[in-house]
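Student: Could you show me how to read the inside of a protein model and the place where two chains meet?
Tutor: Gladly; let us look at the structure together and take one feature at a time.

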Amino acid sequence: MSTPADHSPPLNIAPADRPHRQDPGRFRALLEGLRRAPVSAWFGLVIVAIYVLVALFASLIAPYGEGQVVGSQFDPWTAQHLLGTDNLGRDTLSRLIYGARNTVGIAFLTTSLAFLIGGSAGLVAAVVGGWVDQALARLIDILMAVPQLIFALLLLTIFGASVTSLVSIIAVLDATRVFRLARAAGMNIAVMDYVEVARLRGEGLIWILSREVLPNILPPLVAEFGLRFCFVFLLISSLSFLGIGLQPPTADWGSMVRDNAILITYGDITPLLPAAAIALLTVGVNFLVDWFLRETSGLDDET
Amino acid sequence: MGNIPKLIIKRLALGVFVLWVVSLFIFLGVSLLPGDVATEILGQSALPETVAAFRHELGLDLPLHIRYVHWLGGLLTGDLGHSLANGRAVSQLIGERLGNTLFLAGVAACFSVPVSLLLGLLTALYRGSVFDRFTNAVTLTWISFPEFFVAYILIMFFSVQAGWFPSLSTMREGDSFAHSLYLVTLPALTLTLVVTAHMMRMTRAAIISVLGSPFIEMAKLKGIGQRRIIVWHALPNALAPIINVVVIDLAYLIVGVVVVEVVFVYPGLGQLMIDSVQRRDITVVQACSLIFAATYVLLNMFADVLAIATNPRLMYPK
């Protein structure tokens, strides 16, 4: 006969076997993950790396200047002009390369600005709470009720189309989305005991935000940065395509498609190349974000 | 009962409130413009007396709140003011074009909704199969494409190489319905491709998330076939999120129309808005953005109301 003690249930009743979010070795785990990352993630990584290199060294790679007129209008593909020339006789390849710097650079700048504004407002709302939170959240709800493209068009009409107004308008509009995420993620952390301890210790708001809350919501924010970048990039390209984004003579992929679209009706695919460049980068970033999300959340595909 | 109508009325009231605030935003934004409509029309060199007289004529010398009430009253009675560029009544400019835009969006919706629901259902049914993974990869790629890229690819294949459809959808008055339909095929197809990817993925996700519920487990244990489970047990319960996604995508369609109209030179509201933005014709832009915003808000409100109405759990207060 066994004593009841032999049948005592296992004491190991730890709640869930989910990986803990604040592993110290997360960065190493990420590197480890990178080694066995799927092909799609590698594909995304390589694409992003190539774009960054081209953007940084545009002036070294491009055979001609950004706005330099080097031939007659719409020259075909030749050895001198690998992708022909555009509607003003500028080298298409060179403009494509400079476009990487302008289009991607401005989209990156805008997204960073959006994260600065939306992220800090969201974190403040989450940590401070009360009426500040309520007022901000309601204001953002209303801003989000209007489609971004329409809002951007209206504001660009009011302020006029320049790079500064383009970047600030889109950054502010996009900050609303960032705000939502940062607030929701920050809320979960703001109720943690260690934040309370920091408060009792008398730490200031900035310290709590940057040292206690921010590090713990970084992974979703990084993933969101990738997705927002894609969105901003597509929005700016669309606006440029519509003729109200980046203004000439800046080489920009959206307006390059617009300026040379006439060639398509003659069966020439050159005007599609900048559009393809936009699509390729977006696909690459999407793949990368997809993998990063799966890697940091420990979640697998929904299936 | 009684709970649902109350919730719906609450939601409608919120929608009207949002619309009101949006109108306020649009009005104030334009009013804060450095230099006002009068100087825009008369030019910088106009005499101060002329500007003052003109401002009086336009009612710009009245206080801000009175002007807002006038503007709002005009809106509600269909008077949207006059274009700065050519002095024509904005309501007249917009009238016909709004019809064209709704026609295009309507055709695109007729294509995209059935196709994406069917694809979503099929990929959920055969999830993990080659077909599912292929569809997923294609739609994920497709979502990343800018609208004008999709549009020009279609023009390249169906218009330039095959010669089946025109690359410019210039509609004229008096075109027969069949001819209009023919003209709008390529733009509608572009919009369809753009929204189908999203709608289909969301449908699939909605069905799959329901498949994790205990009652599906129960149905499985009872020995019901996979197909019957999905169509009779999972689909009705996934209906609310699916309806929501469909309506939100329709709202997106209305906005996505802007770029597509420009590519195909289609005489719709989006084209008018872009032209007016370039001319800085503020009264027209104001009216167009209000219409787009209102459509978007109304459709979203409609989605919420449908979600409430199709959720039987809400019939009983907690």
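Student: Which residues have the most contacts inside the largest nonpolar core?
Tutor: A nonpolar core is a set of buried Ala, Val, Leu, Ile, Met, Phe, Trp, Tyr and Cys residues joined through side-chain atoms within 4.5 Å, where buried means under 20% relative accessible area with a 1.4 Å probe, protein chains only. In this predicted model, the largest such core has 143 residues, and those with the most contacts inside it are Leu153(A), Leu239(A), Phe241(A), Trp253(A), Phe148(B), Tyr152(B) and Val263(B). Its largest share, 18 residues, comes from α11(B), a helix being a DSSP run (H or I) of at least four residues, numbered from the N terminus.

Student: What does Phe148(B) touch?
Tutor: Contact means heavy atoms within 4.5 Å; leaving out residues up to four places away in sequence, Phe148(B) touches, among others, Phe241(A), Val257(A) and Ile278(A), as well as Val259(B) and Val263(B).

Student: How many residues does each chain bring to the contact?
Tutor: Chain B gives 45 residues and chain A gives 44 residues. The area buried between them, meaning the accessible area (1.4 Å probe) that two parts lose on being put together, summed over both, is about 3700 Å², and carbon and sulfur atoms give 82% of that area.

Student: How many salt bridges are there between chain B and chain A?
Tutor: The count is zero, with a salt bridge taken as a side-chain nitrogen of Lys or Arg within 4 Å of a carboxyl oxygen of Asp or Glu.

Student: How should I read the numbering and the limits of the model?
Tutor: Residues are numbered from 1 along each chain as its sequence is written, while chains are lettered from A and ligands numbered from 1 in the order in which they are written. Local features need pLDDT of at least 70, side-chain atom pairs count only at pLDDT 80 or more, and totals for chains, interfaces and linings use all residues, while side-chain values use heavy atoms, with hydrogens and water left out.

Technical notes. Buried means under 20% relative accessible area, exposed over 50%, partly exposed in between (1.4 Å probe, protein chains only). Helices (H or I, at least four residues) and strands (E, at least two) are DSSP runs, numbered from the N terminus.
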